[in-house]
Amino acid sequence: MSETPWYNRGLFSSLNLRQKTLLTIGLTGLVLVVIFICGVLIDANLPTDFTIKMQPPSFQHPFGTDWMGRDMFIRTIKGLSLSIIIGIGASIISSIIATLLAFLASVNSKCDEFVSWLIDLFASIPHILLIMMISISLGKGAFGVIMAVAFSHWVNLTRVLRAEVLQINTSEYVALSRRFGKSKLWIAKEHILPLVLSQIFVGTLLVFPHAIMHESSVTFLGFGLSPHEPAIGIILSESMTYLAMGAWWLAFFPGLALLIVVLLFDIIGDNLKRLFDPSEANK
Amino acid sequence: MELKANNITFSYNKKRQILKDASISVNSNQIIGLMGDSGSGKSTLCKIMSGYITHYSGEVTLDGAKIPDKDFYPVQLIFQHPEKTMNPKWKMEKVLNESWTVSQDLKDTFGLKDTWLTRWPSELSGGELQRFSILRALNPKTKFIVADEISTMLDAVTQVQIWEALINHCKANNIGILAVSHDEELLEVFCDDILKFDEINNL
Amino acid sequence: MGELLEVNNLSISFTQYVQGLNRHDSKVISDLTIDVGESEIVAILGSSGSGKSLLAHSILGILPYNANVTGEIKYKGQVLDQELKENLRGKEICLIPQSVNFLDPLMKVSEQAIGECKDEKEHAEKKIRQREVFARYGLDESVDDLYPFELSGGMARKVLLSTALIGDPNLLIADEPTPGLDVKSVEETIEDIKNLKEHGKGVLLITHEIDVALKTADRIAIFYSGYVIEINKVENFKNADDVLHPYTKALINSLPRNGFKLTEGVQPLDEVPGCPYYENCPIRTDRCGKEKPSLEEHDGAMIRCFNFKEANDGA
């Protein structure tokens with residue numbers, strides 16, 4: 001093994017893989033937190049100033065200005081932080097649903113059949129359609145979008161967790177625990193939960209980018225957040241009107257920023273997975 | 001007390017029958033050896049007697065009564081591979097005390113070191129783990145121990161240590177042992193009676 | 001009798017993350033020295049899970065990436081590096097694995113035995129050879145087309161053995177060939193391995209079953225807590241007085257047929273500064289707790305102990 005592995009080359013060659021993974025997670029996490037806090041602190045009611053409307057990117061307005069003369073950079077940050085809030089809410093709720101359903105499936109074969117049926121049912125409906133339906137029925141707005149995204153994104157994680165729980169349930173240490181007279185609830189809490197906790201955690205983070213993307217898409221289509229909220233989806237759909245006039249920056253920068261945020265979450269999720277995965281853990 | 005298995009018949013699927021009208025009985029003050037080759041179905045019989053398999057025909061009784069399934073099961077099985085019977089995310093201390101709080105005395109008898117308690121199961125060897133799984137099974141409510149090839153994977157020195165400690169404890173507390181092994185020499189050392197599995201299984 | 005395999009001062013350790021960010025080297029094999037000659041069977045006897053299989057993996061060059069290896073392995077006097085290991089394995093050096101789980105479940109056993117071929121011609125040649133070897137172990141043509149899961153226990157063992165023998169290797173490494181087999185199959189396995197010796201092959205037998213080692217091997221190496229503490233001729237293992245190390249004596253005395261004698265003590269969990277057997281040794285001195293004895297030759301045997309001479313003279 002003479003060749004240096006990839007993780008021992010380059011800038012941070014003195015760190016071992018786990019340190020590097022944690023560094024990556026820390027840095028990406030920091031960027032997201034900064035975006036989030038900035039977005040919360042900024043006042044969304046930007047003054048409209050028609051003297052500087054529709055300006056292309058400049059040093060004063062790095063992302064340009066829109067048709068009412070509002071700074072696009074500030075609007076984008078604000079929109080991103082809103083997206084992050086919705087993403088956090090949606091992915092946490094969807095993980096809770098997934099965990100509950102996975103444990104429900106382990107109770108008996110009837111419950112398992114029911115959960116499998118539910119998984120198949122939700123998996124067979126196109127995401128966007130489902131999100132639009134739930135969002136509209138819950139009265140749109142942030143609450144509607146969070147619920148819609150949560151209720152359409154638990155499927156994959158439930159599938160993974162259900163299989164995992166089933167496998168742990170057939171293990172000898174669970175069988176032994178039953179012979180010791182332990183209850184099903186106790187076994188679920190003490191034996192199974194610690195074993196699937198890392199899966200749940202990674203699953204939650206990996207739902208995040210999906211949640212953000214879907215939030216933006218339904219909002220863009222007009223079935224999500226209401227137009228007065230500074231969401232990325234709203235910004236993008238507004239910009240459609242002006243794209244033909246050559247105002248490319250209205251769509252380009254917010255879109256790019258959204259993409260970057262999604263990527264950052266993806267990086268965190270992948271790195272966490274690497275941290276928890278025993279086959280990768282010891283490099 | 002008497003642990004009795006009466007006319008046990010069992011098959012995993014219709015094609016292949018594993019047990020047919022197998023009967024065996026152990027008394028509290030006895031160590032009964034059961035000898036048979038691997039793959040012959042003796043592990044299945046062990047699992048039936050200790051309540052792991054419930055869909056069989058025939059009956060397992062303790063002093064003539066059916067054994068209740070809900071509470072602590074008075075017949076405890078000790079497996080050949082202790083590492084499979086421990087949650088990999090539990091420290092050994094938790095593993096040890098899952099069924100009851102093991103006394104320091106008993107820990108010493110089984111040569112359990114305190115430094116082992118803070119380790120994960122994957123950090124200990126088979127011999128060390130087997131001590132834990134035996135201690136766990138020696139709950140005061142245990143009336144019988146079914147030992148299924150418990151020392152097959154261990155070295156000879158550890159084998160003696162484990163059997164000595166287990167037998168001493170069981171004799172003192174009136175716990176019966178069903179010792180299952182392929183090793184006749186081993187069973188001859190300490191068993192009151194040795195049964196051949198092929199002879200009790202009417203297949 | 002030429003030396004086939006020589007292992008000198010081999011140590012294998014693994015880098016693992018313990019808590020947080022610290023990496024920890026855990027030693028599995030320490031300072032292992034052993035040799036196997038032609039027409040010789042050498043057994044390494046140690047408790048299961050003690051890491052002795054890693055010796056086999058290291059000879060074949062299939063250790064995982066986080067393993068650190070020091071020391072040298074020589075095959076016919078030539079130092080084995082990774083490239084040479086890859087060239088030799090499957091040809092000169094072969095592994096007899098533990099069970100059919102080591103075979104590809106989706107491949108017919110004959111194809112598996114033949115292995116990768118450059119062209120049709122080579123395949124045809126190897127096919128003849130495969131048939132020959134299979135026939136020698138009583139496996140008829142119907143077996144060729146079976147998949148691993150269709151094999152019965154005894155057949156599986158024969159398939160594994162013949163697969164290892166296709167390339168006509170000089171050195172075979174048998175890693176725990178007997179667990180889970182019935183008495184008859186164990187006897188057959190022992191006979192088969194002894195038979196290899198008759199054909200001039202060297203065998204390194206890795207096992208935790210002392211009876212298998214006693215019935216098969218010419219020399220036995222005792223593996224204790226990562227160290228080989230004694231290598232002795234098999235004749236000497238009949239009687240505890242003829243072996244040198246106190247642990248080996250305890251081991252022999254603890255056999256059911258030799259009295260099932262109890263010896264206290266467990267193998268140390270972590271690396272100790274002195275002799276690994278210090279804590280449990282009846283003949284220890286202060287020196288043993290501070291300094292590691294090395295494996296030294298004595299009367300045709302190898303022994304890792306400071307005090308064995310005095311102790312054995314006294315007896």
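Contact here means heavy atoms within 4.5 Å. Keep that in mind as you click through this predicted model.

**Stop one: chains A and B.** Select both chains and show the residues that meet: 15 residues of chain A are in contact with 24 residues of chain B. Putting the two together buries about 1700 Å², with carbon and sulfur atoms giving 55% of that area. On the chain A side, pick out Glu172(A), Arg179(A) and Phe180(A), which lose the most area to chain B and together make up 46% of what that side buries.

Now zoom in on Arg179(A). Its partner in a salt bridge is Asp69(B), and the closest N and O atoms sit 2.9 Å apart. H7(A) gives the most, with seven residues. By class, that side of chain A has seven nonpolar, three polar and five charged residues.

**Stop two: Thr65(A).** Head for the loop between helix H1 (17-41) and helix H2 (72-105) of chain A, where you'll find Thr65(A). Its relative accessibility is 0%, so Thr65(A) counts as buried. Residues it touches include Ile52(A), Arg70(A), Trp249(A) and Leu250(A).

**Stop three: a hairpin in chain C.** Select strands S4 (residues 67-75) and S5 (residues 78-79) of chain C, which run antiparallel and are joined by two bridges. Tyr75(C) stands opposite Gln78(C). Two residues separate the strands, and Lys76(C) in the turn has a positive phi of about 50 degrees.

How values were computed. Residues are numbered from 1 along each chain as its sequence is written. Chains are lettered from A and ligands numbered from 1 in the order in which they are written. This is a predicted model: local features need pLDDT of at least 70, side-chain atom pairs count only at pLDDT 80 or more; totals for chains, interfaces and linings use all residues. Side-chain values use heavy atoms; hydrogens and water are left out. Helices (H or I, at least four residues) and strands (E, at least two) are DSSP runs, numbered from the N terminus. Buried means under 20% relative accessible area, exposed over 50%, partly exposed in between (1.4 Å probe, protein chains only). Two strands pair if DSSP finds at least two bridges between them. Buried area is the accessible area (1.4 Å probe) that two parts lose on being put together, summed over both. A salt bridge is a side-chain nitrogen of Lys or Arg within 4 Å of a carboxyl oxygen of Asp or Glu. Ala, Val, Leu, Ile, Met, Phe, Trp, Tyr, Cys and Pro count as nonpolar, Asp, Glu, Lys and Arg as charged, and the others, Gly among them, as polar. Lists of a residue's contacts leave out its neighbours within four places in sequence.
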